Amino acid sequence: MPRYAETLQDVVQEADARTLLAGLAVSFANVHKRFGGAEGTLALADISLDLREGEFVAVVGPSGCGKSTLLRLAAGLDRPSSGAVAVQSDSIGFIFQEATLLPWRTVLRNVELSAELHGIDRKTRRQRALRALAAVGLADVANSLPRQLSGGMRMRVSLARSLSLRPRLLLLDEPFGALDELTRLNMQEELLRLYRDNAFTALFITHSVSEAVFLASRVVVMSARPGRVHEVIDVDLPYPRGRELRFDPAFTELVSRASRSLKEAC
C-alpha cells in the first residue's frame, strides 16, 4: 500500500497508515502546506478530510485557497509541510484543466500515452485505449489529430487516457472550466456515466457550486487562503442523475446552501 506523503517531524508508520485507511481511498490528516520555506506562503492549514472508497467528492472555494494543491498531494506530486496524506491505491488518474494532448499524436496514440509511460506492453495498451475511446463515444475519431476536435471532444480524450489506466482514484482539476455551457453540461453527465460504470473514487475541483452539487455525494467548501475545510455538505440525491435534476427543489436548496457557505468562507 503506497503512502505518498508523510510528516516532516514524525514519520507515519505503515501500521498507522493501514489503520488510517481502513475503508478509505484517501485520508488527509491535519495537513499543512507552506511554499517557500518557513516564512513562505501558507497554502493549506489543518486539512483533515477522508474519502471513502467509491465516493465522489467535489471541492469548491475561492481562487488561491489550495484546491489544486490538495490534488497534487493526493497524487504524490507534492508533500505536506506537516500532517499526513495516505492513499490506498497506486492506480491514479489525473485530469488537468486543459486536455494536454500531444498535437503530433493521433487521438488513439494520445490515449495510449499514459499506459506507455507506465511500461504496459503495446498490445495491451492499444486494447485499453480502444475500449476507453469507445466508453467516451470517440471510437470513430481514433485516427484524428487533436486539432481536428472540439474542446469538449479533447476533454473526452483526456478522460479516456486516464480511464485506460483503470484508475481506482480519479483526480480532476477543473476539467470543464473552459468549455461552453452546453458542452459542460454534457461532460458532467458523461463523467457521471463513467463513474457509475467504472466505480472509481473521484476528487473533483471546481469553481461552480451547481456543478459540484450535481456531480458529488459530498461537497467540501474551503475558506480563503490559507485553505481550510469550512464545511462539508452531504448531497443526499440519488444516482443516476440527469439534467432534469437541476429543476428539483432539493437540488436548488443544496446549491443555495453551498453558495451561502462559500460566501461565509470568503
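## A walk through helices and strands

Helices α3 and α4 are oblique to each other, and that is where our tour of this predicted model begins.

**Stop 1: two packed helices.** Select residues 107-117 for helix α3 and residues 122-135 for helix α4. Two packed helices are described by the angle between their axes and the distance between the axes. Here the angle is about 125°, and the axes lie 9 Å apart. Turn the view and look at how they cross: the crossing is right-handed.

**Stop 2: the contact.** Now show the side chains where the helices meet. From α3, pick Val107, Leu108, Val111, Glu112, Ala115 and Glu116.

Stop 3: Next, select β1 (residues 24-35), along with β2 (41-52) and β4 (82-87). Strands of a sheet pair through backbone hydrogen bonds, either parallel or antiparallel. These three strands make an open sheet in the order β2-β1-β4, with antiparallel pairing. β2 and β4 are the edge strands, each pairing on one side only. From one strand to the next, the twist averages 20°.

Zoom in on β1 and β4, which five bridges join. Click Ala29: its bridge partner in β4 is Ala84.

**Stop 4: a helix across the sheet.** Finally, select residues 67-75, helix α2. This helix lies across β1, β2 and β4, and runs at about 120° to β1.

Methods:
Residues numbered from 1 in each chain as written. Predicted model: local features only at pLDDT ≥ 70, side-chain atom pairs only at ≥ 80, totals over all residues. Heavy atoms only, no water. Axes fitted to C-alpha atoms, helices over the stretch in contact; angles between N-to-C directions. Helix = DSSP H or I, 4+ residues; strand = E, 2+ residues; numbered from the N terminus. Parallel < 35°, antiparallel > 145°, perpendicular 65-115°, else oblique. Left-handed = near helix turned anticlockwise from the far one by under 90°. Contact = heavy atoms within 4.5 Å. Pairing = 2+ DSSP bridges.
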